[in-house]
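I opened this notebook to look up a few things in one chain. My entries follow in the order I made them.

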Amino acid sequence: AVRKMEGKMPYPVYTGADDRGEIERISAYDITPIEFGQKYIKRGMPVVVTNAMDAWPAFKEGERKWSIDWFTKNYGEVRPGTGIDTSGIKEYMSMSDYLGKFDEYAQLPKNKPMPYLRTWYFSDDIPELVDDFTPPPLFHSSDAFLRLPEDLQPPFRWLFFGPAGTQSKMHVDIWETDAWLGMLEGEKTFTLYHPAHRKFLEVGDNEWPDLLNPPNPAKFPDQSKAVPAQTQLKAGEIIYIPRKWPHHAVAQSPSISLTLNFAPTVVKTAVMQFIVPYAKNRGRCQMLLGRNLRAADNLMQLCIHGGSIKYGDFTQAMGDKKATNPMGSAADNEEE
C-alpha cells in the first residue's frame with residue numbers, strides 16, 4: 001500500500017506502511033526532568049513537548065522575536081557562513097535576499113530541490129541569539145557534554161530556515177546522540193522509526209527512502225515493514241528525538257526551527273568513543289591557533305567527523321601564519 005499521513009498537506013509523506021503511530025504529546029508543566037529522564041530518555045521514546053518555549057525571548061507571547069520578518073528586519077544583512085544548500089550545492093547570500101525569495105521558491109515544481117538554510121551554526125555569525133532561548137532542563141539535566149569545558153563542548157546547535165517543501169532527508173543523528181527540535185515558526189511533519197526497523201529502510205551505505213515520493217519497492221523492498229511514528233509539529237512545540245531513531249522532516253509552511261543534540265547519562269559510554277578523539281583534536285587545534293575554533297571551521301568539522309588534519313587546514317585558519325600539524329606525520333607538514 002502507498003501510505004500517506006492523514007490530513008491535507010502541501011507536501012504529503014509516503015511511508016509505504018499500512019500502520020502508523022501518533023507521537024505522544026505532553027506539557028513541560030506536567031513533568032519534572034527526573035520523570036522525563038525515566039519515562040522518555042532512558043527508554044529512548046520520542047515525545048512532543050509543549051510549553052517548554054513559553055518563557056524564551058525568542059518565542060514569548062507578546063514579545064516574540066524569532067520570526068521571518070524579525071530576522072529580515074534585524075539581521076537581513078547577515079550572510080550565513082554555512083551557505084544556502086540546494087542538493088549539496090552551496091550559495092552564499094544575505095538573510096534578506098534568501099528570506100525574500102520564499103514566495104519564489106514556493107512556485108518551484110515539487111520535484112525540484114528547494115534552497116535550504118540548514119544546519120546553520122548561527123552563533124558563529126550572530127552570537128547574541130544564544131541569549132534568546134534556554135535549553136530545557138528536561139533534556140539537559142544529565143547532558144554529558146555540559147561536563148566538558150565550554151571551549152570543548154561539541155557545537156551541536158543549529159538553526160534551520162526554509163520555505164514550504166524543504167526537507168531533512170531520512171538520517172540518524174551524529175554520534176548517535178539524542179536531540180530536540182523546537183519550532184519557532186511554521187509547521188513540519190516528522191516521521192520517526194524505531195531503531196529495530198532501521199534494517200527495513202537503510203540500503204547499502206547510508207541510503208534511505210525518499211519519503212516525499214511513493215515507495216520504490218525495487219530499491220527498498222522491505223520499506224512497508226517499517227512502522228512509522230508521526231506528528232505535525234507546530235510553532236511553540238518541541239520534539240524529542242531519541243538516539244538511533246531514523247527520522248525525516250518536511251516543512252509544510254515557511255519555517256524556522258532550532259535543534260540541539262545532547263548526550264544523556266544513559267548514552268555517555270557509547271558517545272565517549274566520539275568525544276575523546278574529538279576533544280583531543282579540538283584542544284590541540286585551539287592551542288596551536290591561539291583561539292577557539294568556530295563551529296563552521298573546516299578544522300572543527302574534521303575534529304567532529306574524523307579524518308586527517310593537514311598542514312593546509314591550519315594555514316587556511318591562520319591566514320599567512322605558518323603552522324605545524326600536531327596530529328599529522330612529517331609528510332603532512334610539508335608544503336605541496
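**Contacts along the chain.** I began with contacts between residues at least 6 apart in sequence, and 75% of them join residues at least 24 apart. I keep in mind that this is a predicted model. Next I looked up the secondary structure and found 10 helices and 14 strands.

**Burial and surface.** The chain has 336 residues, and 51% of them count as buried. I then looked up the accessible surface, which comes to about 16,200 Å². Carbon and sulfur atoms hold 50% of that surface.

**The largest nonpolar core.** How many residues does the largest nonpolar core have? I found 80. The residues with the most contacts inside this core are F36, W66, F71, Y98, L159, F161 and L258. Helix α8, residues 268-289, gives the core its largest share, 6 residues.

**F36.** I picked F36 from the list of residues with the most contacts inside the largest core. Which residues does F36 touch, leaving aside its neighbours within four places in sequence? I listed I26, I31, I41, V47, V49, L138, F139 and Y240.

**L181.** I turned to strand β9, residues 178-185, where L181 lies. Is L181 buried or exposed? Its relative accessible area is 8%, under the 20% cut-off, so L181 counts as buried. I set aside its neighbours within four places in sequence and looked up what else L181 contacts. The list is F190, L233, E237, I238, I239, S257, L258 and T259.

My last entry is on open space. Rolling a probe the size of a water molecule over the atoms shows where empty space is left. The second largest pocket holds about 730 Å³ of space. I found 26 residues lining this pocket. E150, Q153, P154, P155 and R157 lie nearest its centre. Which elements give two or more residues to the lining? They are α5 (122-125) and β14 (255-262). I sorted the lining by class and got 14 nonpolar, 5 polar and 7 charged residues.

Note on methods. Residues numbered from 1 in each chain as written. Predicted model: local features only at pLDDT ≥ 70, side-chain atom pairs only at ≥ 80, totals over all residues. Heavy atoms only, no water. 1 Å grid on protein atoms, 1.4 Å probe; cavity = no way out; pocket = protein on both sides within 12 Å on 5 of 7 lines; lining within 4 Å. Points joined across faces, edges and corners; volume = space filled by probe spheres on them. Helix = DSSP H or I, 4+ residues; strand = E, 2+ residues; numbered from the N terminus. Nonpolar A, V, L, I, M, F, W, Y, C, P; charged D, E, K, R; others polar. Core = buried A, V, L, I, M, F, W, Y, C linked by side-chain atoms within 4.5 Å. Buried < 20%, exposed > 50% of the residue type's maximum accessible area, 1.4 Å probe, protein only. Contact = heavy atoms within 4.5 Å. Areas by Shrake-Rupley, 256 points an atom, 1.4 Å probe, with all protein chains shown as cover.
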